Amino acid sequence: MSKERKSTLREIMQMAWSFVKRNGFTMAEALKCAWRNFKLKAAMKMRIVQFFFLKVDGSTRQAFGTLQTSVMGETKGSGRKPNDNLQVYWDCEKSEYRSFKKCNLIKMV
């Protein structure tokens, strides 16, 4: 197995275990959600993606986001360390950075 593939699988398993420990997911649910997050991040690096996630108040939000550097705005250092539980993305509708909890990702279109 190549190093890149091992690294990818390690990242997915670590994310799944964090869903199990922090959110009480079963391992099957956690792996499905981890793969969804991995595929979303890969797609956002290449194009603008439509996806849905649960907001903290329980409502569903439709978002159009990307991680392409050509589309994203200026990045300023905030001095905060990154949170592994959040996915940060560039919201193409609001033209601002947004984030959501990775465990709340519903689907990607």
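Trainee: How far is the sulfur of Cys33 from the closest cysteine sulfur?

Mentor: The gap is 6.6 Å, to the sulfur of Cys103, and that is too far for a bond. A disulfide here is a pair of cysteine sulfur atoms within 2.5 Å. A search of the whole structure finds zero disulfides.

Trainee: Where do these values come from?

Mentor: This is a predicted model: local features need pLDDT of at least 70, side-chain atom pairs count only at pLDDT 80 or more, and totals for chains, interfaces and linings use all residues. Residues are numbered from 1 along each chain as its sequence is written, and side-chain values use heavy atoms, with hydrogens and water left out.

Trainee: Thanks! Back to Cys33: buried or exposed?

Mentor: Cys33 counts as buried, at 2% relative accessibility. Buried means under 20% relative accessible area, exposed means over 50%, and partly exposed lies in between (1.4 Å probe, protein chains only). Cys92 is partly exposed, with a relative accessible area of 26%.

Trainee: Let's zoom out. How many helices and strands does the protein have?

Mentor: There are two helices and five strands, and along the sequence they follow the pattern α-α-β-β-β-β-β. Helices (H or I, at least four residues) and strands (E, at least two) are DSSP runs, numbered from the N terminus.

Trainee: And what is the radius of gyration?

Mentor: The radius of gyration is 14 Å, close to the 13 Å that the globule rule gives for 109 residues, so the protein is as compact as a globular protein of that length. The radius is taken over C-alpha atoms, and the rule is 2.2 Å times the number of residues to the power 0.38. Along its principal axes the C-alpha trace spans about 40 × 35 × 30 Å. Of the 109 residues, 28% count as buried.

Trainee: In what order do the five strands form the sheet?

Mentor: The order is E4-E3-E2-E1-E5, in an open sheet with antiparallel pairing. Two strands pair if DSSP finds at least two bridges between them. E4 and strand E5 (105-108) stand at the edges with a single partner strand each, so one side of each has no neighbour in the sheet. On average, neighbouring strands are turned by 40° against each other, direction ignored.

Trainee: What does H2 touch when it packs on the sheet?

Mentor: H2 touches E1, strand E2 (60-66), strand E3 (86-91), E4 and E5, and its direction makes about 50° with that of E5. For contact, heavy atoms must be within 4.5 Å. Axes are lines fitted to C-alpha atoms, for helices over the stretch in contact, and angles run from 0 to 180 degrees between N-to-C directions.

Trainee: How many bridges join E1 to E5?

Mentor: Three bridges join that antiparallel pair. Phe53 has Leu105 as its bridge partner in E5, and Phe51 has Met108. E1 and E2 pair over six bridges, also in the antiparallel sense; there, the E2 partner of Phe51 is Ala63.

Trainee: Which residues make up the largest nonpolar core?

Mentor: That core has ten residues: Leu40, Ala43, Met44, Val49, Phe51, Phe53, Ala63, Tyr89, Phe100 and Leu105. Helix H2 (27-46) and strand E1 (49-54) are the elements that give two or more residues to it. A second, separate core has eight residues, including Met15, Phe19, Ala30 and Cys33. A nonpolar core is a set of buried Ala, Val, Leu, Ile, Met, Phe, Trp, Tyr and Cys residues joined through side-chain atoms within 4.5 Å.

Trainee: What does Ala43 contact, leaving aside neighbours within four places in sequence?

Mentor: Val49 and Met108 are in contact with Ala43.

Trainee: New topic: where is Ile12 placed?

Mentor: Ile12 is in helix H1 (residues 3-23) and is buried, with a relative accessible area of 2%. Not counting residues up to four places away in sequence, Ile12 touches Leu31, Ala34, Trp35 and Phe38.

Trainee: Last one. What phi does Ser95 have?

Mentor: Ser95 has a positive phi of about 55°, although it is not a glycine. Most residues other than glycine have a negative phi. Ser95 is found in the loop between E3 and E4 and counts as partly exposed at 45% relative accessibility. In the hairpin of E1 and E2, with five residues between the strands, Gly58 takes a positive phi near 100°.
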